[in-house]
Amino acid sequence: MSLSITLTVNDVEHRIALEDPRATLLDVLRERLDLTGTKKGCDRGQCGACTVLLDGRRINSCLALAISHDGAQILTIEGVANGDQPHPVQAAFIAHDALQCGFCTPGQIMSAIGLIQEAQAGTDPERVREGMSGNLCRCGAYAGITEAVLDAQKTLDQADRKQAP
Amino acid sequence: MPELTPTQTPAHTRHGSNIGQPLTRQDGLLKVTGRARYAADNHPAGMLHAVMAVSSIARGRVTALNIQAAKAHRGVVEVMTPANKPPLADDPDAKANPFMFRMDVLQTDRVRYANQPIAVVIAETLEAATEAAALLSPRYETDPVRIGLDANEPFVPPAVGIGNPSEERHGDVPAGLAAATNRIEATYETPAQYHNPMEPHAIVAAWDGDKLTIDTPSQGMAMAQGRIAALFGIAPEQIHIRSPFLGGGFGCKGLIAGPQILGIMAARMVGRPVKLVLRREHMYGPVGHRAPTRQTIRLGTDAKGGLTAIDHHVKTTSSTFDDFFEPAAGVSHTLYASPSIATSYEAVRLDTGTPLFMRAPGEATGSIALESAIDEMAQACDMDPLAFRLKNYAEVEPSTGKPFSSKALRDCYAQGAERFGWATRPRAPRQMRDEAGMLVGWGMGTATFPALMFQAQARAVIRQDGSGVMETGAHDMGQGAWTALAQIAADSLGLDVTQVAFRAGTSDLPDAGIAGGSAHTATAGSAIHGAGADVIAKLAALAMGDQRSPLFGAGNAGVIARDGRLVRRDDESRGERYADILARAGVAEVEGRGSSAMDPAAQSAYAMHAHGAVFAEVKVDPDFGQVRVTRLVGAFAAGRIINPRMVRSQYYGGMIWGIGFALQEQAIMDPRSGRPMNPNLAEYHVPVNADVPALEAILVAEHDPHVNPLGIKGVGEIAITGTAGAIANAVWHATGIRVRQFPITLDRLIELAA
């Protein structure tokens with residue numbers, strides 16, 4: 001049994017001959033495409049370490065079967081920076097020390113990018129905290145994460161305003 | 001101004017500007033881009049996946065496994081069971097030293113706790129191995145389980161923690177209590193807790209003949225190397241461990257655990273590299289936990305609120321097959337002045353995995369009880385809780401009479417209280433409400449953690465171009481070793497941090513000791529400091545002995561290493577660059593070595609602890625009992641601060657663990673089956689971002705000339721202590737209800753309110 005799917009990950013198209021329909025999107029990224037930046041913390045959608053953007057929406061990739069997403073556009077942590085230039089969210093995470101062990105960090109950053117795109121949190125730290133609460137951080141870097149999201153949002157807003165005619 | 005004056009070689013001082021700077025994480029870019037490679041991210045050619053099957057009973061034996069069904073699954077290569085596992089050279093139940101813990105690596109069919117590994121399936125894909133592990137459908141013979149603090153015969157353990165006495169008496173507690181004007185007695189219970197680092201234990205093991213390469217998260221590579229070497233009958237040098245990044249440890253990755261050994265056995269069995277990653281539920285059994293406790297504290301005071309007696313009794317648990325007893329009463333030895341202090345322990349053996357060190361082992365558990373009791377006593381004396389603590393301030397360590405090597409706790413109390421606005425707190429509970437009608441309460445707690453040191457080595461090199469290399473096998477589990485130790489390295493070499501190649505995270509480097517006990521920066525940092533001193537001394541000798549050098553004859557006055565140059569102490573205009581010294585001497589590089597250990601003279605003369613004060617505000621829903629922490633201010637004094645950015649993050653992390661300890665974390669055990677009922681991150685609650693309010697951590701200045709040459713105390717664990725008690729006390733202040741069973745959940749609050 002071989003099932004062929006196509007996933008566009010970080011703008012690169014991958015034709016994948018899936019040998020097993022049970023493979024999750026997370027395990028396909030990690031074990032088949034060597035995109036190991038996305039982490040597995042619980043494998044059941046409870047910790048958020050595996051967060052990626054799927055067709056622009058943040059999802060837990062451990063709960064997604066790869067085979068159900070034939071043709072999807074996926075953005076992972078490896079596709080976020082612009083060459084050597086970190087994404088504003090990545091830069092803000094470093095500046096605000098929004099990470100310690102770093103294991104939840106790719107998921108936090110993908111979730112933050114998703115949250116900012118959703119434009120629901122505004123500049124309210126409470127709403128940012130709520131919107132980032134699907135991503136656990138056992139080291140307790142939450143204060144920095146909240147600051148980083150607010151800071152990056154400001155940077156991105158300014159960039160948007162500059163681009164606007 | 002950050003400045004280093006090494007104590008061992010006063011003839012050669014080094015001045016640096018790296019220590020004390022809030023540098024961002026050296027590994028930050030790797031971590032935010034997903035390029036930091038954790039153990040499970042490795043995938044050597046030909047690698048197979050291994051998945052453990054674990055026991056669903058807590059006591060008994062496995063009578064049957066459907067190996068045929070598992071093997072029939074497509075892609076399965078092997079099923080490893082007690083019947084066919086590769087032989088080991090040493091008994092996994094052996095215990096040669098107190099840091100060795102018995103492990104379950106398929107030695108027999110017996111089951112001694114739930115989630116114990118009972119087989120390992122090795123397959124071409126993770127999906128196949130996972131499915132086949134389920135197909136094993138084990139059958140068991142079960143025995144009745146012992147779960148809970150009253151489930152077995154209590155006994156007095158011979159020692160608690162690692163080698164601490166299980167009974168200590170200082171002064172006459174019965175007399176102190178008899179003479180007291182005010183007396184309280186209260187019993188507090190803390191639950192079993194699980195470390196739950198975000199990264200589950202993982203190992204990628206590859207054998208090449210008798211050589212073994214492993215990627216696995218480790219807080220102590222040298223100890224792991226020794227244990228693996230003994231178990232597999234190979235020399236430690238044959239084992240190469242790579243552990244550049246740990247996805248959190250908190251104690252459960254301090255010692256190599258059974259499941260990691262199983263990964264190595266599996267690789268040996270199939271003759272191919274194997275990756276074994278624990279599933280989250282596997283983390284609730286074979287890799288340690290914080291044992292539950294029941295603590296009874298009796299306090300007495302005179303009419304002025306001065307303590308006359310502290311009696312702290314702890315009942316805790318260990319497994320049926322090994323010893324680790326949570327040393328929860330230790331905090332009572334050091335924190336409050338009292339003419340009489342007694343601590344004692346009893347324990348029961350349960351059908352659980354063996355408890356282990358978990359972030360602030362003993363201190364966290366004991367602190368929430370002691371700080372609650374102190375608060376209750378302050379109330380009994382009708383004193384402000386801060387005034388009561390200051391009245392009983394320990395000028396010397398109460399249990400030993402030793403002076404403190406340094407103790408800026410008064411400053412912590414003052415700065416924390418000022419920042420929090422403690423002075424306006426009403427004495428009585430249930431006095432404050434917010435605009436939404438929520439009950440508001442303020443509480444405080446004292447934080448404390450011993451300043452420990454282990455042993456470490458480091459190697460330093462000054463290269464031909466004048467740049468430096470520093471090597472020590474340090475472990476970064478998020479505390480910032482890559483950054484803070486690099487800063488120490490740079491100052492020790494008189495260079496900027498960008499001019500030093502700092503190498504850590506692999507077992508072929510000098511042993512950096514264990515990353516635990518909040519002692520890694522002090523321990524590895526002191527070894528680095530010594531290695532830097534050694535290499536600079538050699539470089540200075542090269543220059544001072546050479547007539548062509550401007551430093552010739554500077555021996556008596558000495559030289560200073562600064563900015564990649566050595567200069568004369570008596571005339572700083574005369575000096576030369578490291579590169580020039582080496583070039584003239586025709587030497588490619590110079591090497592120095594350093595080592596560190598606790599100074600026994602200082603240790604016997606002084607009590608060494610970090611301290612802090614934490615102030616908490618909570619809001620409690622008066623109808624539903626829901627508790628939210630709305631404000632936390634902690635002020636901590638921990639000697640010299642290498643990197644305030646990293647240190648603040650450590651304090652925040654500890655304070656957040658304090659929130660979890662006070663309000664959320666508990667493993668719920670089924671007393672019939674012995675299984676944890678919430679072995680996952682949805683039901684074992686840890687704080688999420690929305691649970692964490694605006695935090696503030698104040699870094700209180702403290703100079704300690706005795707702890708170690710760098711004056712460093714640890715910061716990794718202290719902030720749990722104090723915080724958990726402060727929150728519990730704030731809940732009382734908000735509601736007038738004293739919950740003595742932790743965590744303080746809404747059902748407990750509502751039950752006590754009724």
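Mentor: Helices (H or I, at least four residues) and strands (E, at least two) are DSSP runs, numbered from the N terminus. Chain A has five helices and five strands, and from the N terminus on its elements run β-β-α-β-β-β-α-α-α-α. This is a predicted model, in which local features need pLDDT of at least 70 and side-chain atom pairs count only at pLDDT 80 or more, while totals for chains, interfaces and linings use all residues. Residues are numbered from 1 along each chain as its sequence is written, and chains are lettered from A and ligands numbered from 1 in the order in which they are written.

Now turn to helix α2 (residues 88-95) and helix α5 (residues 142-163) of chain A, whose axes (lines fitted to C-alpha atoms, for helices over the stretch in contact, with angles from 0 to 180 degrees between N-to-C directions) come within 8 Å and cross at roughly 140°. That angle makes α2(A) oblique to α5(A), a word kept for angles that are not under 35 degrees (roughly parallel), over 145 (roughly antiparallel) or 65 to 115 (roughly perpendicular). From α2(A), the contact (C-beta atoms, placed from the backbone, within 7 Å) is made by P88(A), V89(A), A92(A) and F93(A), and these meet A148(A), D151(A), A152(A), T155(A) and L156(A) of α5(A). By class, this contact of α2(A) with α5(A) has seven nonpolar residues (Ala, Val, Leu, Ile, Met, Phe, Trp, Tyr, Cys and Pro), one charged residue (Asp, Glu, Lys and Arg count here) and one polar residue, the polar class being the others, Gly among them.

Technical notes:
Two residues are in contact if their C-beta atoms, placed from the backbone, lie within 7 Å.
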